[in-house]
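Hi there,

I am passing a structure over to you, as promised. Please have a look at it first, and then read on for what turned up.

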Amino acid sequence: MFKSLKIDPTITQSNGDSTFTFHIKKPDPDLQPDLKKYYTWFHDGDVKTTRGAYTGKVLHGVYEKFNHQGSLLGKGEFNHGLKTGVWLSWYDNGEMRTQLVYRQGVRSGPFREFYVTGETAKKGKYRNDKLVGKIIHYNEDGTTLKTERFDNGKLIVPKVKKIKVKKNKTTHPATDSLRQKKDRKSLKRSDLKKKKTSEEGNSKNLKKPTQIKVKAQNKSDSKTEKKKRPGKLKKHDTSQPKAYHDPDDPTRL
């Protein structure tokens, strides 16, 4: 609450450790309040901020804030109760605190935030009071702490590249059982192929000596048969032998 406040278009009054200087004016009856925007207005000796409506007189013109030592703490401008243009704020030691851009009561444009030492702590951009694009955070020594990206006020989480890792059999029993089945099938097939080829080789190896032995045996058998086979029997001559007549035989008639 402002004490001993004089109602005047330009008001300068102390409140605690701070002093405010601002200007007020009667609201324009032709301007209808925007229900989405925040208005700063003055009524009954106090400055108030409400959304979508106001009463009394609205702040209009340059606004300044000082500490008890007279150092500037904040400066900006109002247009019919709405912040507009560049708004700056400072620490008590005189170092810059924030830099913001307003358009008809809404943050819209580049911004910066600073450490008490004066080093940049954060920078980026607002659009319609929402963070957009790349927002960079800094350490007090000026090095980059992190970088974020926003889309209409929402943080964009970067996609993590999937790294293919061999699955542990103990952690994925279902997948591993299928894989084991496939492995068993492939092993069976390979075993069958090996068995088939080995059997074919064995059959080839077995056929050759048996054929040779059979042939040799056949040859030996044929020889023995030839030896054992008797010669052709001569037909027995049943005819009577011809009589021999000695010409000098006296008995011959």
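A residue counts as buried here when its relative accessible area is under 20%, as exposed when it is over 50%, and as partly exposed in between. By that cut-off Glu148 is buried, because its relative accessible area is 17%. Its salt-bridge partner is Lys146, with 3.4 Å between the closest N and O atoms. Lys146 itself is partly exposed, at a relative accessible area of 39%.

Before going further, please keep in mind that this is a predicted model. The average pLDDT of the protein chain is 80, and 65% of the residues score at least 70. One stretch to treat separately is residues 1-8, where pLDDT stays under 50. For those residues the model has 22 contacts beyond four places in sequence.

Now the overall picture. The protein chain has 253 residues, of which 23% count as buried. Its secondary structure comes to one helix and 15 strands. Among contacts with a separation of 6 or more, 21% are between residues 24 or more positions apart. The chain exposes about 20400 Å², and carbon and sulfur atoms supply 53% of that area.

Back to the charged pairs: how many salt bridges are there by the rule used here? The count comes to four, and the Glu148 pair with Lys146 is one of them. Two others are worth a look.

Glu64 forms a salt bridge with Lys75, and their closest N and O atoms are 3.8 Å apart. Glu64 sits in strand β6 (residues 61-67) and Lys75 in strand β7 (residues 72-79), so this pair ties together parts that are eleven residues apart in sequence. Lys75 is partly exposed, with a relative accessible area of 37%.

Asp129 forms a salt bridge with Arg107, with the closest N and O atoms 2.7 Å apart. Here Asp129 belongs to the loop between β12 (120-127) and β13 (130-138), while Arg107 is in strand β10 (residues 106-107), so the pair ties together parts that are 22 residues apart in sequence.

Next, the nonpolar side. Which residues touch the most other members of the largest nonpolar core? They are Phe22, Ile24, Phe42, Leu59, Tyr63, Phe111 and Leu131, out of 16 residues in that core. The elements that give two or more residues to this core are β2 (18-25), β9 (96-103) and β13. The largest share, three residues, comes from β2.

Is Asn67 buried or exposed? Asn67 counts as buried, because its relative accessibility is 5%, and the cut-off for that class is under 20%. A polar atom of the Asn67 side chain lies 2.6 Å from the backbone nitrogen of Ser71. The backbone nitrogen of Gln69 lies 3.1 Å from a polar atom of the Asn67 side chain. Leaving aside residues up to four places away in sequence, Asn67 touches Asp17, Leu73 and Asp92.

That is the tour; I hope you enjoy looking around.

Best wishes

Technical notes: Residues numbered from 1 in each chain as written. Heavy atoms only, no water. pLDDT = per-residue confidence, 0-100. Contact = heavy atoms within 4.5 Å. Salt bridge = Lys/Arg side-chain N within 4 Å of Asp/Glu carboxyl O. Helix = DSSP H or I, 4+ residues; strand = E, 2+ residues; numbered from the N terminus. Buried < 20%, exposed > 50% of the residue type's maximum accessible area, 1.4 Å probe, protein only. Core = buried A, V, L, I, M, F, W, Y, C linked by side-chain atoms within 4.5 Å. Areas by Shrake-Rupley, 256 points an atom, 1.4 Å probe, with all protein chains shown as cover. Polar contact = N/O pair within 3.5 Å; in protein donor to acceptor, adjacent residues only side chain to side chain.
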